[in-house]
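Please open the structure in a viewer and keep the sequence panel beside it.

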Amino acid sequence: MNEEDGTVQLLDSEAMIDPGAIGKGYIADKMKEYIVSKGVKSAIINLGGNVLTVGNSVEKRPFKIGVRKPFADETDMATAVEADDCSVVSSGSYERYFVENGRLYYHILDSKTGYPAEGGLSGTTIISKKSVDGDALSTCCFILGYEKSEELLKAVTDEEIKAIFIEDDNSTMRFYGMKGE
């Protein structure tokens with residue numbers, strides 16, 4: 001990193017940066033910024049796993065956003081959250097995966113091993129003000145697992161963050177920063 005101008009240069013010609021862990025969140029935030037600038041007061045932006053709400057519903061109540069049950073039909077929800085001018089972002093092992101020789105392989109990788117992350121979770125959902133934050137945190141928390149994620153979320157003090165963790169057995173949910181936790 002060049003500290004004088006804040007740039008980074010990749011010296012290996014085959015190296016690349018993949019913004020996949022924050023890309024949809026960044027785009028959702030920009031979409032919200034744009035439609036709000038055009039006077040929109042109530043909307044849902046759904047980018048598949050990344051949902052961002054503008055204001056609340058036309059009935060002046062928070063939107064209800066479903067959290068998908070891992071490995072179930074797309075309409076089968078584990079729970080639902082109330083979203084009032086915030087982002088709801090989910091990451092998990094159930095969206096892009098395959099099974100080979102009885103082992104589950106999915107798209108969220110442990111950078112140390114190159115294999116799918118094994119944090120003991122099948123899904124994480126982050127509720128935050130900015131979708132880019134929720135996008136990064138949902139992926140990080142999935143990789144870290146519940147206990148280490150709690151430490152990370154406690155360290156994030158710039159805004160109120162809530163989270164839902166669905167353990168590998170798909171029958172246990174844990175909550176962070178939410179009522180009834």
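A residue is called buried when its relative accessible area is under 20%, exposed when it is over 50%, and partly exposed in between (1.4 Å probe, protein chains only). Helices (H or I, at least four residues) and strands (E, at least two) are DSSP runs, numbered from the N terminus.

This is a predicted model, in which local features need pLDDT of at least 70 and side-chain atom pairs count only at pLDDT 80 or more, while totals for chains, interfaces and linings use all residues. Residues are numbered from 1 along each chain as its sequence is written, and side-chain values use heavy atoms, with hydrogens and water left out.

**Colour by confidence**

Begin by colouring the chain by pLDDT, the predictor's confidence in each residue, from 0 to 100. The chain has a mean of 89, and 94% of its residues reach 70 or more. Confidence is highest in strand 1, at 96, and lowest in strand 7, at a mean of 90. Where pLDDT is low, the predicted coordinates should not be read in detail.

Next, display the strands of the open sheet, which follow the order 1-2-5-8-9-10 with antiparallel pairing. Two strands pair if DSSP finds at least two bridges between them. At the edges stand strand 1 (43–46) and strand 10 (173–176); each has a single partner strand, so one side of each is left without a neighbour in the sheet. From one strand to the next, the twist averages 10 degrees; axes are lines fitted to C-alpha atoms, for helices over the stretch in contact, and angles run from 0 to 180 degrees between N-to-C directions.

Zoom in on strand 2 (residues 50–54) and strand 5 (residues 87–92), an antiparallel pair joined by three bridges. Here Asn50 stands opposite Val89 of strand 5.

Phe165 has Arg174, in strand 10, as its bridge partner. The hairpin of these two strands has five residues between them, and Asn170 takes a positive phi near 60 degrees there.

Select Ser122, which lies in strand 8. Is Ser122 buried or exposed? With a relative accessible area of 1%, Ser122 is buried. Contact means heavy atoms within 4.5 Å. Beyond its neighbours within four places in sequence, Ser122 has contacts that include Pro70, Phe71, Ser91, Tyr94, Phe142, Ile166 and Asn170.

Ser128 also belongs to strand 8, and Ser128 is buried at a relative accessible area of 2%. The C-alpha atoms of Ser128 and Asp85 are 9.3 Å apart, although 43 residues separate the two along the chain.

**Select the helices that cross the sheet**

Select helix 2 (residues 131–144). The expected span of a helix is 1.5 Å times one less than its number of residues; for the 14 residues of helix 2 this gives 20 Å, and the end C-alpha atoms are 20 Å apart, which agrees. Its buried residues are Ser131, Gly134, Asp135, Leu137, Ser138, Thr139, Cys141 and Phe142. Helix 2 lies across strand 2, strand 5, strand 8 and strand 9 (162–167), and runs at about 155 degrees to strand 8. Just after helix 2, Gly145 has a positive phi of about 90 degrees.

Helix 3 (residues 146–155) lies across strand 8, strand 9 and strand 10, running at about 15 degrees to strand 10.

**Show the charged side chains**

How many salt bridges does a search of the whole structure find? The search finds seven, a salt bridge being a side-chain nitrogen of Lys or Arg within 4 Å of a carboxyl oxygen of Asp or Glu.

- Lys30 and Glu33 form a salt bridge at 3.8 Å, N to O. Both lie in helix 1 (residues 23–37), three residues apart, about one turn of the helix. Lys30 is partly exposed at 38%, whereas Glu33 is exposed at 52%.
- Glu118 and Arg103 form a salt bridge, with the closest N and O atoms 3.2 Å apart. Glu118 lies in the loop between strand 7 (103–106) and strand 8 (121–128) and Arg103 in strand 7, so the pair ties together parts that are 15 residues apart in sequence.
- Glu160 and Lys162 form a salt bridge, with the closest N and O atoms 3.4 Å apart. Salt bridges that share partners also join Glu147, Glu167 and Arg174 into one network.
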